[in-house]
Protein chains: 2
Amino acid sequence: MQRTMAKRPLPPADHHAARFARQREADRTATAEDYVELIADLLREEGEARAVDLARRMGVSQATVTATVGRLQRDGLVETKPYRGLFLTPSGQEMARTAKARHELVVRFLIAVGLDPETAETDAEGLEHHASEKALAAFARFLAEREDGGR
Amino acid sequence: MQRTMAKRPLPPADHHAARFARQREADRTATAEDYVELIADLLREEGEARAVDLARRMGVSQATVTATVGRLQRDGLVETKPYRGLFLTPSGQEMARTAKARHELVVRFLIAVGLDPETAETDAEGLEHHASEKALAAFARFLAEREDGGR
DNA sequence: ATGATAACTTAGCCTAGGCTTAGTTTCGGA
DNA sequence: TCCGAAACTAAGCCTAGGCTAAGTTATCAT
Ligand SMILES: [Mn+2]
Ligand SMILES: [Mn+2]
Ligand SMILES: [Mn+2]
Ligand SMILES: [Mn+2]
């Protein structure tokens, strides 16, 4: 995949550690982001977001959804009305809005660099959680230039 | 970050679930990939990869390294000689080689689309685990075209 | 040669996020 | 109306990957 194995010396240990720490942090927030994004999507597209639908779409058992939603409630992102679905608190809505915009941006970017739309969607689901603000800005810049380029 | 919130209907539930399943799978393998890549780097650059150095560079306690390395051993990726460092089995070397190439590719790609090198390194540490083969191929294609473009 | 220090391990704890199985509660069709 | 099915909850289990604190053990400098 690459010819020359660059002889780059290792970064200072604390820098190195900081990278991994950021990665672990992103992993910790990923589930919440995916859930609230999906809840928002379901509310918008289907009018309601029931736990059973979340379970189906996340590919996870209902019990897992119950537990995860419990944590989201604890963290002030979600409210539940049993048999009537899930709802987002203001801060849940905020997170969903951000997550959705980021998700869309990553998908459009991946397509712009030559990935097919289906794979772009799949990959974006994971990649989105690890793109920093700076990376997202770079992606947006890239897309803006692409659109301009046609002119 | 985006003006129009595309009214894309939700994908079929099973497709949707498959995306999240792939994401979870990637998360499960990420730690092993990072460890073997780092062990390989340390062996190459420092001549040895001791647990204590791994701990420092991963930003994690020594006890965590012991536990994680135990899993890597169980999975046939690593061998240990106490006070003499860690070594990769053939399949560990193979994983390290792949992970390293992928890491380098992602970094170069991020820089090519306008990210500064330090952020590229940080983001790559997380992004690399979620880029499919197709995405990596697209990144490589993009880089090849960039290089060509100057001609 | 030996002992202080660094490296490593062990034990015990925690949370997130999975699972199955077994209840309970609500809804809606006959 | 009422009862079976669907939705939800609860209980109990598991693994990964973190932590701290308390041992061991090997190395190396004196
Ligand atoms: Mn996602
Ligand atoms: Mn998403
Ligand atoms: Mn990584
Ligand atoms: Mn890496």
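Let's start at a phosphate. Val52(A) puts a polar backbone atom 2.8 Å from a phosphate oxygen of DNA strand D. I count a polar contact as a pair of N or O atoms within 3.5 Å; within protein, one must be able to donate a hydrogen and the other to accept it, and residues adjacent in sequence count only if both atoms are side-chain atoms.

Ground rules next. This is a predicted model, where local features need pLDDT of at least 70, side-chain atom pairs count only at pLDDT 80 or more, and totals for chains, interfaces and linings use all residues. Residues are numbered from 1 along each chain as its sequence is written, chains are lettered from A and ligands numbered from 1 in the order in which they are written, and side-chain values use heavy atoms, with hydrogens and water left out.

An N or O atom in the side chain of Thr64(B) is 2.8 Å from a phosphate oxygen of DNA strand D. For the side chain of Arg74(B), that distance to a phosphate oxygen of DNA strand D is 3.1 Å.

Which elements give two or more residues to this surface? In chain A, helix 2 (51-58) and helix 3 (62-74); in chain B, helix 1 (13-46) and helix 3 (62-74). Helices here are DSSP runs (H or I, at least four residues), numbered from the N terminus. Helix 3 of chain B gives the most to the surface near DNA strand D: four residues.

In total, 19 residues surround DNA strand D. Near means that a heavy atom of the residue lies within 4 Å of the strand. The closest are Arg24(A), Val52(A), Tyr83(A), Thr64(B) and Tyr83(B). Sugar and phosphate make up 72% of the atoms of DNA strand D that come within 4 Å of the protein. By class, the surface near DNA strand D has seven nonpolar, six polar and six charged residues. For the classes, Ala, Val, Leu, Ile, Met, Phe, Trp, Tyr, Cys and Pro are nonpolar, Asp, Glu, Lys and Arg are charged, and the others, Gly among them, are polar.

Where are the phosphate contacts? Thr31(A) has a polar side-chain atom 2.8 Å from a phosphate oxygen of DNA strand C. The side chain of Thr64(A) has an N or O atom 2.8 Å from a phosphate oxygen of DNA strand C. From chain B, a polar side-chain atom of Arg50(B) lies 2.8 Å from a phosphate oxygen of DNA strand C. Helix 3 of chain A supplies the largest share of the surface near DNA strand C, with four residues. That surface has seven nonpolar, five polar and six charged residues.

On to the metals. The manganese ion (ligand 2) is coordinated by Glu37(A) (OE), His103(A) (ND1), Glu125(A) (OE), Glu128(A) (OE) and Glu128(A) (OE), at 2.2 to 2.7 Å. Donors are N, O and S atoms within 2.8 Å of the metal (3.2 Å for Na, K and Ca); water is not among the atoms, so sites may look incomplete. Along the chain, the donor spacing is E-x65-H-x21-E-x2-E. The manganese ion (ligand 1) is 3.5 Å from the manganese ion (ligand 2), and Glu125(A) coordinates both. Glu37(A) lies in helix 1 of chain A and His103(A) in helix 4 (residues 90-112) of chain A, so this pair ties together parts 66 residues apart in sequence. Glu37(A) is buried at 6% relative accessible area, and His103(A) is buried at 5%. Buried means under 20% relative accessible area, exposed over 50%, partly exposed in between (1.4 Å probe, protein chains only).

Last, the rings. Over all chains there are six aromatic pairs. Rings of Phe, Tyr and Trp (its six-membered ring) pair if their centres lie within 6.5 Å; planes under 30 degrees apart are stacked, over 60 edge-to-face, the rest tilted. Phe109(B) and Phe139(B) are stacked, because their ring centres are 3.9 Å apart and their planes at 10°. Phe109(B) sits in helix 4 of chain B and Phe139(B) in helix 6 (residues 133-149) of chain B, 30 residues apart. Phe109(B) and Phe142(B) are edge-to-face, because their centres are 5.5 Å apart and their planes at 80°. Both Phe109(B) and Phe142(B) are buried. Ring pairs join Phe109(A), Phe139(A), Phe142(A), Phe109(B), Phe139(B) and Phe142(B) into a cluster.
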